[in-house]
Amino acid sequence: MTEDVRYARFMERIERGEKIEATDWMPDEYRHLLIKLIHMHAVSEIMGAYPEKEWVPKAPTLRRKLAIMAKVQDEMGHGQLLLRVAEDLAAPLGKTREDLVEDVYKSRVKFHNVFHMEAKTWADAGVIGWLVDGAAIINQAALLETSYAPYARVLKRICAEESFHMQHGENIILALAMGTEEQKQMLQDALNYWWESLLFFFGPKEVTPAAERMLHYRIRTKTNEELRQKFLDKYVPRIWSIGLTIPDPHLRYDEEKKEWVYTEPDWEKFGRIVRYNEGPKSKERMELRRTAHEGQRWVREAMIRSRMATAAV
Amino acid sequence: MEEKQTEYSIFEVFIQRTQAEHHVHVGSLVAPSPDVAIQTARENFLRREKAVNIWVVPRDQITATPYEPDFFTREMDRKYREVAGYTENGRLWRMFKEKAITLEEIVAYVEGRKARERKKQA
Ligand SMILES: [Fe+2]
Ligand SMILES: [Fe+2]
């Protein structure tokens, strides 16, 4: 079979809505797009646990401490599941788990802008749980329909756990929204700090060439802007209902166009944060990741040596 | 002296029903080789049902837990880890004149379907 025929057959499968497995033939471009997307997703789950883990020792009650710890464990677990999917895709290129993890602190893979930001107060931790997870859930829900089967299966499990994250985040926010004036102010400050990052999270408004290719292969089926609009649909009324002010004087729903009008985030600023790891917490968290990974290398090696010693007996 | 193997090996069988699901263990069989195990698995487990993939794994390649409750006991109430631990959200949202939403509703909304349709499909 020539390459052209193979490609045409592959595209027919995609267009019929069939799912692709790791062992199927796939165009290099498809493989590379998937690796880029899933690697970034995996790494973002892991780096996403950092801002919240910072609140484990400082959570206000024991129950809150246990709950946020449970959530941090989930996010690390999501990272592990996704890295497995990325590894199978990257294996033919000679890349292993070690490489994919090292890429984080060697700045060879990006992670979501929101996880470069600082969680100064408990309200920040709450807003991450409610709105950052909320935005991530919208993204992941849209990916359930992806053409790559191993990714779809893992996402199904991730989404099931995200439904706890959703309730958990809401519960923190609702408690603060019913609290003292000081707590309400803390919540408002947190929303002010995160709002722009949340809009940026969904990515550029225009469909970039890479995004266009992902739509072509049905790796994604929705554009950034469609997802941002869905996020605004679901969350803006709730944010308003608990008495918060969204820090955007131009935010409104255009009844005629049936869409939200909003002030665009500073694309340039957040773009730099993601590309060059220039966020307030980027360097510190990457350094922590490096210490964790390299500091424990001897343990991984010792475990492999002991396994080989037993196998040899 | 080399011992002749006279017994077939035991294989555990895992079946994937659709590509949206993981492989699920359905039982085991004996076979002289992995190829024959696959054929036998299809005959034993898929005479009526549909599937998209089969795995056969030599039983001695599986490492399992013992059936000891200790390994699985939860040392304390773990409601904080579950959706069910947050039922008060519904009541709290009503105080703010909003209603609670679930992840299923979000997924259905993103996929452009109504929540009930999705359940029917699943
Ligand atoms: Fe997650
Ligand atoms: Fe999450």
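How many salt bridges does a search of the whole structure find over all chains? The search turns up 36 of them. Keep in mind that you're looking at a predicted model. As for the idea behind these pairs, side chains of opposite charge can pair when their charged atoms come close.

Let's pick one out. A:Glu52 forms a salt bridge with A:Lys71, and their closest N and O atoms are 2.8 Å apart. A:Glu52 sits in helix 2 (residues 28-53) of chain A while A:Lys71 sits in helix 3 of chain A, so this pair ties together parts that are 19 residues apart in sequence.

Now for the metal. Which residues hold the iron ion (ligand 1)? Its protein donors are A:Glu45 (OE), A:Glu75 (OE), A:His78 (ND1) and A:Glu162 (OE), and they lie 2.1 to 2.4 Å from the ion. Written along the sequence, the spacing of these donor residues is E-x29-E-x2-H-x83-E. The arrangement counts as irregular because the 4 donor atoms around this iron ion (ligand 1) subtend angles of 80 to 162°. To give you something to compare with, ideal angles for four tetrahedral donors are 109.5 degrees.

This ion has a partner. A:Glu75 bridges the iron ion (ligand 1) and the iron ion (ligand 2), which lie 3.3 Å apart. A:Glu75 belongs to helix 3 (residues 62-90) of chain A and A:Glu162 to helix 6 (residues 149-177) of chain A, so the two tie together parts that are 87 residues apart in sequence.

What are the protein donors of the iron ion (ligand 2)? They are A:Glu75 (OE), A:Asp133 (OD), A:Glu162 (OE), A:Glu162 (OE) and A:His165 (ND1), at 2.1 to 2.6 Å from the ion.

Finally, let's see where the chains meet. The contact involves 32 residues from chain B and 39 residues from chain A. Between them, the two chains bury about 3,600 Å², with 62% of it on carbon and sulfur atoms. There are 16 residue pairs in polar contact across this interface. What about salt bridges between chain B and chain A? The count is 1: B:Glu98 pairs with A:Arg238, with the closest N and O atoms 3.5 Å apart. On the side of chain B that touches chain A, helix 3 (88-95) and helix 4 (103-110) of chain B each supply at least two residues. Sorted by class, that side of chain B has 16 nonpolar, 6 polar and 10 charged residues.

Notes:
Residues numbered from 1 in each chain as written. Chains lettered and ligands numbered in written order. Predicted model: local features only at pLDDT ≥ 70, side-chain atom pairs only at ≥ 80, totals over all residues. Heavy atoms only, no water. Contact = heavy atoms within 4.5 Å. Buried area = accessible area lost by both parts, 1.4 Å probe. Salt bridge = Lys/Arg side-chain N within 4 Å of Asp/Glu carboxyl O. Polar contact = N/O pair within 3.5 Å; in protein donor to acceptor, adjacent residues only side chain to side chain. Helix = DSSP H or I, 4+ residues; strand = E, 2+ residues; numbered from the N terminus. Nonpolar A, V, L, I, M, F, W, Y, C, P; charged D, E, K, R; others polar. Donors = N, O, S within 2.8 Å, 3.2 Å for Na, K, Ca; no water. Tetrahedral: all angles 85-135°; square planar, octahedral: opposite > 155°, others 65-115°.
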